[in-house]
Amino acid sequence: MSSMRFIAEEALSQLMYWGSDVEEAISETEDASEPEDNVIDDCQFSHDDEDSEDESASVPSSNENQETQKLPSTEGTLTSKDGQIKWSTSPHQSQARLSSSYVLKMTPGPTRFALTRVDDIESAFQLFISPPIEKIILDMTNLEGRHVFQEKWKPLDPSDLHAYIGILVLAGVYRSKGEATASLWNEEYGRPIFRATMSLETFHRISRVIRFDNRDTRAGRCEKDKLAAIRDVWDKWVKILPLLYNPGPHVTVGESLIPFRGCCPFRQHVSNKPAKYGIKIWAACDAKSSYAWNMQVYTGKPLQGPPEKNQGMRVVLEMTEGLQGHNITCDNFFTSYRLGVELQKRKLTMLGTVRKNKPELPSEILKMQGRPLHSSKFTFTENTTLVSYCPKRNKNILVMSTMHKDASLSTREDMMPQMILDYNSTKGGVDNLDKVTATYSCQRKSTRWPLVVFYNIVDVSAYNAYVLWIEINQHWNASKLYRRRIFLEELGKALVTPKIQNQARPARSPAAAAVIANVQVRASDQPTMDPLDKCAKKRKRCQICPSRDDSKTSTSCVRCKKFICRKHTVTFCPSCGEY
């Protein structure tokens with residue numbers, strides 16, 4: 001159905017002819033009206049009383065055949081509850097076109113840095129778990145291993161760490177998050193690939209001693225930083241996320257909860273999350289692909305000084321640092337009039353639900369007594385639009401936006417404002433990330449919260465790598481509905497393959513021995529490549545411009561096999577100097 005634009009007064013006049021006994025349950029409105037209160041260190045939020053006397057204008061009687069009728073003019077100025085903001089009942093004169101500073105200038109999708117480095121599934125994942133991160137983990141784990149096992153400890157190398165992460169990924173693929181580790185290595189019911197990679201004792205040893213910092217110096221660092229046990233790894237990982245992907249026009253900011261009930265100085269209780277207890281993470285995700293673009297661990301109240309004020313605004317401003325021209329969708333914990341003003345200074349717009357106890361709201365828009373079903377009340381400032389929509393009797397939804405400038409209503413039967421439809425379509429970025437990572441999660445039972453955070457890093461990295469891989473190779477298994485499961489299974493097998501190839505002693509289990517034999521046979525059948533040929537295969541772009549390899553439009557160097565577009569006239573190869 002083609003969309004049409006209505007003036008708010010005209011829509012209200014049509015709604016006046018509906019019977020007052022109409023009561024409908026609207027599933028889409030339920031999404032926007034669900035409680036979104038977040039519990040932060042036992043802060044309590046109270047809502048103002050919605051019941052008040054009716055101040056709506058009376059509507060004169062009309063003919064039954066008359067379809068529309070204008071209400072008496074209600075244009076005027078409303079004052080916010082704190083008396084600092086003047087709201088108008090009519091929209092301000094909107095600009096004919098957006099300023100160039102509000103136009104999205106970055107191309108959504110993988111960055112050129114990612115495009116030139118993603119050759120296979122394993123390389124896409126290793127962009128996130130980078131060599132500097134691996135070095136920290138290996139150094140600290142070997143240090144702890146020598147401290148615990150002394151001379152019996154065999155130092156880990158990168159292939160051991162890759163095999164350990166690969167086993168975690170494969171356990172998530174097989175939906176074994178709640179399964180006992182011993183059953184995964186069981187000869188009768190387990191998976192042979194686990195026994196072919198490493199023994200159960202080796203896996204338990206690594207899980208016991210894996211560390212992300214020096215435990216001897218942790219006490220002093222924890223006095224200033226509660227996240228000191230994994231701070232270096234976390235900061236390096238978060239800095240990588242925005243370098244590999246440009247989000248689309250809509251970005252969702254919200255909270256994620258890592259399930260954990262062990263001892264942690266900043267464990268949180270969030271009642272509207274499935275896990276209820278865990279480690280809370282602020283996240284900024286692309287609204288379409290749910291790519292995790294920025295993340296931050298919430299470590300509770302400050303160690304010193306007064307409690308934090310305006311936390312929601314601070315989180316959104318920090319999560320969106322570096323964006324320009326995007327719209328930020330957030331829930332009622334974050335949304336405020338002041339946040340919209342601050343985001344506009346950064347050339348960003350805001351869209352989100354609002355709590356009814358906000359002092360910047362006019363009291364007239366909160367009144368519900370006598371309001372018709374599916375009616376909408378709009379108020380405006382120069383840069384902000386506020387709507388109060390009535391989906392059910394004596395219930396309203398408040399949405400604030402700096403992206404919308406008019407009182408647009410949809411042509412649906414419920415006359416829902418366009419602002420609410422846009423909010424419902426862009427609010428699910430963070431929630432969808434939680435859902436997809438929980439489906440094939442590598443989380444194992446542990447009482448150490450740094451290890452739980454590391455498991456979450458692996459889960460999010462695997463999903464972000466999947467997003468990069470799918471957008472670069474859009475036709476990869478396009479006809480299958482379980483592409484992500486295939487991706488994770490191939491990723492896990494690619495990570496454990498080097499360890500299996502280097503197995504010196506045969507496995508005791510016949511099934512595990514067969515897996516080792518098959519992997520080693522496939523490795524021996526692959527022809528060895530010349531280093532120059534390997535470089536040529538790894539790079540599939542023109543050496544001068546970012547054009548892709550195409551046999552019709554490119555030529556290759558005789559010596560190094562690298563490609564150059566035919567549109568470039570060169571007499572020698574820029575790489576090797578061959579004429």
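Mentor: We'll call it a salt bridge when a side-chain nitrogen of Lys or Arg lies within 4 Å of a carboxyl oxygen of Asp or Glu. Keep in mind that this is a predicted model. Take D213 and R221 to begin with: their side chains meet at 2.8 Å, N to O, so under that 4 Å cut-off they make a salt bridge. The two ends sit in rather unlike surroundings. D213 has 6% relative accessibility, and because buried means under 20%, D213 counts as buried. R221, at 30% relative accessibility, counts as partly exposed.

Now for E144 and R211. Their closest N and O atoms are 3.7 Å apart, and they also form a salt bridge. E144 lies in helix α5, residues 131-149, while R211 is in the loop between α9 (200-209) and α10 (218-222), so this pair ties together parts that are 67 residues apart in sequence. Here both partners are buried, E144 as well as R211.

Then there's R231, which pairs with D225 in a salt bridge, with 2.8 Å between the closest N and O atoms. R231 counts as partly exposed, at 25% relative accessibility.

Definitions and conventions. Residues numbered from 1 in each chain as written. Predicted model: local features only at pLDDT ≥ 70, side-chain atom pairs only at ≥ 80, totals over all residues. Heavy atoms only, no water. Helix = DSSP H or I, 4+ residues; strand = E, 2+ residues; numbered from the N terminus. Buried < 20%, exposed > 50% of the residue type's maximum accessible area, 1.4 Å probe, protein only.
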